[in-house]
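Please read them with the structure open beside you.

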Amino acid sequence: MKKLSAFVILFTFIALLCMGGVSASWTYTDNYVGSINSSFNVNIGDFVWQGSEILPDDEEEGLDHVWLIENLVDGTANGKEIGLNNPNSDLNEYINNRLEGGLGWKRNYFGSMAVTGEQEMEELFGAAAKGLSFIIEVDENNSNIYYLYTTDVYLGEKGEPNWLGTSNKTPGKPTVPIGEYIEVIYRTKLVKNTSTNEFDIIETKKGKAKSDWYDENRRNANVTQIPAFDVNTWEEIA
């Protein structure tokens with residue numbers, strides 16, 4: 001019986017060695033792998049910026065913030081690149097003119113409500129964004145960082161200066177009194193990729209800022225009285 005049992009065991013072992021097509025392997029590690037908790041905003045396979053989901057996107061009512069922001073960065077119109085990522089765009093020219101200024105009139109921001117460029121900005125970034133206003137601010141400490149403020153709050157009617165441009169003739173009519181908070185104003189951070197020399201859309205936050213006149217490119221900066229908001233007073237809200 002012992003010889004028979006040994007023979008059966010040996011035969012079984014040889015049969016197993018001759019069988020093919022089945023294999024298994026295990027990999028062990030001595031290191032503990034913790035859980036990964038990451039969140040991404042994904043749009044049909046493409047990564048988009050953090051916080052984009054909080055933006056209103058009502059294109060029919062002309063309140064599509066996402067559409068406006070994407071076009072301000074990378075937009076085209078009539079086959080022409082009109083956004084910030086085209087160094088020769090009119091938008092960049094307006095911003096550069098404000099940055100260069102003259103006689104102490106330098107400003108580090110440009111807004112859609114500006115007298116200079118207002119009509120063109122409306123034509124380029126109208127349609128889906130006709131009900132929106134925006135201000136682009138260049139970070140004072142890092143010119144590779146821009147902040148883009150967008151709001152669908154109607155800011156009001158601009159005034160009119162006298163024919164000399166020295167004093168206000170017809171007062172502006174802000175919908176929110178000067179000095180009071182306008183809510184909601186979204187702030188989107190743009191960072192220039194130094195390897196591609198193009199801006200990436202990084203993050204959007206919800207906030208508010210105080211109503212203020214828009215500073216014009218002239219000595220008397222508020223002579224027209226253009227309703228806008230003070231980006232320096234912007235603060236995040238829940």
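1. Overall content. The secondary structure of the chain amounts to four helices and 17 strands, where helices (H or I, at least four residues) and strands (E, at least two) are DSSP runs numbered from the N terminus. This is a predicted model, in which local features need pLDDT of at least 70 and side-chain atom pairs count only at pLDDT 80 or more, while totals for chains, interfaces and linings use all residues. Residues are numbered from 1 along each chain as its sequence is written, and side-chain values use heavy atoms, with hydrogens and water left out.

2. Confidence. The mean pLDDT of the chain (pLDDT being the predictor's confidence in each residue, from 0 to 100) is 80, and 74% of the residues reach 70 or more. Over residues 1–47 the pLDDT stays under 50, and for this stretch the model has 13 contacts beyond four places in sequence, a contact meaning heavy atoms within 4.5 Å.

3. Burial and surface. Of the 238 residues in the chain, 38% are buried, where buried means under 20% relative accessible area, exposed over 50%, and partly exposed in between (1.4 Å probe, protein chains only). The accessible surface of the chain comes to about 15,200 Å², with 50% of that area belonging to carbon and sulfur atoms; accessible areas come from the Shrake-Rupley method with a 1.4 Å probe, and for residues only the protein chains shown count as cover. Among the contacts in the chain with a separation of 6 or more, 56% are between residues 24 or more positions apart.

4. Beyond its neighbours within four places in sequence, I136 is in contact with residues including L84, I95 and Y146.

5. Helix α2. H65 is found in helix α2 (residues 65–74), and the buried residues of this helix are H65, L68, I69, N71, L72 and V73. At the helix start, a side-chain oxygen of D64 comes to within 3.3 Å of the backbone nitrogen of V66. H65 counts as buried because its relative accessible area is 0%. The side chains of H65 and D152 are joined by a polar contact of 3.2 Å; such a contact is a pair of N or O atoms within 3.5 Å, and within protein one must be able to donate a hydrogen and the other to accept it, while residues adjacent in sequence count only if both atoms are side-chain atoms. H65 also touches Y186, and although these two residues are 121 residues apart in sequence, their C-alpha atoms are 8.9 Å apart.

6. Strand β14. T188 is found in strand β14 and counts as buried because its relative accessibility is 0%. The side chain of T188 makes a polar contact of 2.7 Å with the side chain of T204, and I69 is another of the residues that T188 contacts.

7. Pairing around β15. Strand β14 (residues 181–193) and β15 pair in the antiparallel sense over twelve bridges, two strands being paired if DSSP finds at least two bridges between them. K189 has E203 as its bridge partner in β15, and in the hairpin of β14 and β15, with four residues between the strands, N197 takes a positive phi near 60 degrees. β15 also pairs antiparallel with strand β17 (residues 235–236) over two bridges, where K208 stands opposite E235. Three bridges join β15 to β16, again antiparallel, and W213 has P227 as its bridge partner in β16.

8. The side chain of Q225 reaches the backbone nitrogen of G172 at 2.9 Å, and the contacts of Q225 beyond four places in sequence include E157, N168, W213 and E216.
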